[in-house]
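Let's take a friendly walk through this structure. Have the sequence and the 3D view ready as you read.

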Amino acid sequence: MAPRFLITDDPLDPASIAGSVATGGDGAIATFVGLVRDHNLGRRVLWLDYEAYAPLAIKAFEQIANESQGSWPGARLAIHHRTGRLDIGEASVVIVAASAHRGEAFAACRYAIERVKQIAPIWKHEHFEGGDEWIEGATADPADQAARALALERACT
Amino acid sequence: MHVTVRLFARLRDVAGAAELPRQLPDRATARDAWDAIAREFPALAPYGSAVSCAVNESYARFTTELHDGDEVAFLPPVSGG
C-alpha cells in the first residue's frame, strides 16, 4: 500500500494514493491533482523542475493532516508530491481526502492544498521560452495563524 | 562548534553550494548562522527577510540556539503544488 505522505521522483497515481486512505466506511473520496500547465505570467512554460527538502516536507504534510483532523475529524488525508523534471500535463501533487460524507472530504482536500502551498518546503524552477526562474510564493511559517485562517476560509467557501 | 548549513533552490544557486560545513561560536543561533553565510556570500543577504529556517529537519525560529553537529537549513519562499 502507498504511504499516506510521500515525496517521490516517480509519476503519481491518484488511484493507488486513494487506496492508502480509503476504508469501507467512506462514502466520499475527494482527489485534487495539480498539473504542470503550459503558461505562467504570460510566458510559454516548457517544463518544471521541482525540488523538496523531503524529510521536512513529510513533517509538513503530517502537520497539515493533524490540522485537518482538528477541523474535519471524519476526513483522512494522503498527500504525495513529485520532484524532479515534470513535463506539461504531468501531475505534480495529489491530495486525497476520504470521509464518510462529501462535505468533509471536499473541505479537507481544499484545506490541504492551500496549506501545502503555504508551508511545504518545495520549490518549482520554471523553464520557459527564453529563460528559467525559481518561483517563490509564501515565506513558510507553520505557526502563522493568519495563513492558517486563510486556508480554512478557502476550504469552507 | 561544528554545524552543517543547507541551502535550497535559489539560495543554493546563489551560494553555489547545497551544504556548507561551518564552525560557529558556542551558543550561536540560527540567525547567527544565516548572518555568517550572508557575510560570506553577500548576494544572499537580500533574501534574509523572506527566508525560513529549519534545525535538524524541523521548522525552527531564528532565535533557536544551535548545538554541535546540528544541521541548519535555510529555505526561500516556497512554491509547491
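## Where the chains meet

Two residues count as in contact if their C-beta atoms, placed from the backbone, lie within 7 Å. By that rule, 26 residues of chain A are in contact with 17 residues of chain B. On the chain A side, the elements giving two or more residues are α2 (54-71), β7 (91-99), α3 (102-119), β8 (122-128) and β9 (131-135). Helices (H or I, at least four residues) and strands (E, at least two) are DSSP runs, numbered from the N terminus.

## About the model

This is a predicted model: local features need pLDDT of at least 70, and side-chain atom pairs count only at pLDDT 80 or more, while totals for chains, interfaces and linings use all residues. Residues are numbered from 1 along each chain as its sequence is written, and chains are lettered from A and ligands numbered from 1 in the order in which they are written.

Now look at strand β1 (residues 2-7) of chain B. B:Val3, B:Val5 and B:Leu7 form its covered face, and B:His2, B:Thr4 and B:Arg6 its uncovered one. In a regular strand, side chains alternate between the two faces of the sheet.

Strands pair if DSSP finds at least two bridges between them. β1(B) runs antiparallel to strand β2 (residues 19-23) of chain B, joined by five bridges, and B:Val5 stands opposite B:Leu20 there. With strand β5 (residues 71-75) of chain B, β1(B) pairs in the parallel sense over four bridges; here B:Leu7 stands opposite B:Phe74.

B:Met1 is found in the segment before β1 of chain B. B:Met1 touches B:Leu24, B:Asp26, B:His67 and B:Asp68, not counting residues up to four places away in sequence.

How values were computed:
A residue is buried if 20 or more other C-beta atoms lie within 10 Å of its own, exposed if 12 or fewer, and partly exposed in between; C-beta atoms are placed from the backbone.
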